[in-house]
Amino acid sequence: MIEPNPGMDAEANTCLRFGVLLLSAGASGYRVIRAVKRCARSVGFDEADVIVGFNTISCTFHRGLQFRTVVSDVPLPGVNTSRIEALETAAHSLLQSYRTPEVIDAVLDEIERIPSPRWGLCLSTFAAGLACAGFAVLNQFGLATAALVCLAAMLGQLVRAFLHKAHFNLIGITMAASFVASSAFLLLDRVLPLASVVSPGFIAAVLFLIPGFPLFTSFVDLARFDFTAGIPRLFFALEIIVVIMLTVSVVAMLSGTPELPSAAVPTSAEFMVAGALASFVSVGCFALLFNSSRRMALIAATLGMAANVARLALLADGVRSYLAAFIAALIIGVAGGLLGRVAKVPRTTVTIPAAVVMIPGPVIYAAVHNFAEGDILNALSKFTEVSFVVLFIAGGLAVARMLTDPNWAMYRYIDFDHELVGEERPINN
C-alpha cells in the first residue's frame, strides 16, 4: 500500500499559485506552462501536466506512483507586466535550485506586494491621454486634434478607473469609457474655436481601450497550436473591440461625423521626426498603462519608435500597409528578443506595447463612418483591411519569435531529469 504524502499537497498548491499569478497578470499560456513546470521541478516532482485556459488552470503533479491534481478558476486576467517580469525572473533564477514550498511562497508574497496598478490615477490618466494624442499625430489628425484627443482620452480613462474600482462589469466599463471619450472629443471639437480640428480624432480618443496585450498574446498561443488558451483569449479581445466599435458607431450616427479624406503618408523629414517623437511617447505611455516599470517602458518606447518610423517610411514609399506592418513587427520581435535577453525582461512586455501603436486609425474611422452611414459593404471592406494589418503584425511577431527563441520554435520541454544549479538574482529590479 502506498503511503500518502501530505507534503505533496503544499507543493502542488505552491506550483498552482505560481501559475495563477502569472496567468492573472496576462501572460501567455506558453509562459504559464513552463513556469509551473519549473516550479514543479524545483520542489521535487517527477513530472507535471499543465493545461492553461484563458482564466482557468489545471495541473497534475507526479512523484513516483503518487500524484496530485489541483485546479483554479482565475478572475478575468488583467495586464500587469511588472508582475510578469518578477515571476519570470523568479522562474529563471529562484527555481533553478531545489526549493521548499515555504521559500517559494515567501517570494510569491513579495511579488504580490508589487503595487497593482503600479502607477497612480493621475499618472495613468495622463499616460492614456498622451498615448492617444501620439496616435492622433501618427495618423495626421493635426496637433490641435491631438490636444483635444488627449483631454478626451483622459476623461475616458478616469471613467474606466472609477468603474473598475467599483468592480463594474467589464463590458459596461468599456462602453461607458468609449462613449465618454468619443463624446467628449466631439463636444470639445464644437466648443473650442480650433478650425483645424477634424472629427476623426474621436477614434484616437478611444485607443487606450484597445486590448492589445490579450489580442497579440492570443496569436502567440495560437501560433503554437495552444487552442485552449489562445481561442478564448482571442474571443475576449474581439468582444472588447466590437463593444468599442459599436459604441463609437452610435456616437458617429448621432453626431453626423464627416467622411475622412484620404491622405498619403508624407515623405518630409518633419513628419518623420514628428512620427518618431509621437511613437516614442505613445508606446511608452501604453507600456505604463500595462503596469510596466520605467525601464520596460523606456525599452518599449525606443523599440516602437524605431520600428514605426521604418513602417511610416515604407508606407510613404508606396508599400502596402500589410507588408509594412509585417516588416515593422518583425523588427520589433527580433530587436525585442535581443533587448529582452540583455535587459532580462520578458519579450512580450516590450514588444506588444510597441506593436499596438501600428493599428491603422484612419482605416478604423472609415469603417466606423461607413457603418454609421449604412454603407455596410465598404464598412466590411475597411474592417477587413484593419484585420489584415493586425494579422500581419501578429505574423511578424510570431516569425521573429521563431528566429530568436529556440525553446519556443523547437518545442523544447522542461527537463525534469536536469540537475538544478544556479544563483538567485533580485526579483523586481
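**Values and their definitions**

Mentor: Leaving aside its neighbours within four places in sequence, Ala-133 is in contact (heavy atoms within 4.5 Å) with Ala-146, Val-149 and Cys-150. This is a predicted model, in which local features need pLDDT of at least 70 and side-chain atom pairs count only at pLDDT 80 or more, whereas totals for chains, interfaces and linings use all residues. Residues are numbered from 1 along each chain as its sequence is written, and side-chain values use heavy atoms, with hydrogens and water left out.

Trainee: Why is Ala-133 called buried?
Mentor: Buried means under 20% relative accessible area, exposed means over 50%, and partly exposed is in between, with a 1.4 Å probe and protein chains only. Ala-133 has a relative accessible area of 10%, and is therefore buried. The residue lies in helix α5, residues 121-138, where a helix is a DSSP run of H or I with at least four residues, numbered from the N terminus.

Trainee: How do you know that the radius of gyration agrees with a compact globule?
Mentor: The radius is taken over C-alpha atoms, and the globule rule is 2.2 Å times the number of residues to the power 0.38. For 429 residues a compact globule would have a radius near 22 Å, and the protein chain has 23 Å, so the two agree. The C-alpha atoms fill a box of roughly 80 × 45 × 40 Å along the principal axes.

Trainee: Which residues touch the most other members of the largest nonpolar core?
Mentor: A nonpolar core is a set of buried Ala, Val, Leu, Ile, Met, Phe, Trp, Tyr and Cys residues joined through side-chain atoms within 4.5 Å. The largest one has 129 residues, and Phe-18, Ile-57, Phe-61, Phe-216 and Ile-393 touch the most other members. Leaving aside neighbours within four places in sequence, the contacts of Phe-18 include Ala-35, Leu-87 and Leu-108. In soluble globular proteins, nonpolar side chains tend to be buried together.

Terms used. Helices (H or I, at least four residues) and strands (E, at least two) are DSSP runs, numbered from the N terminus.
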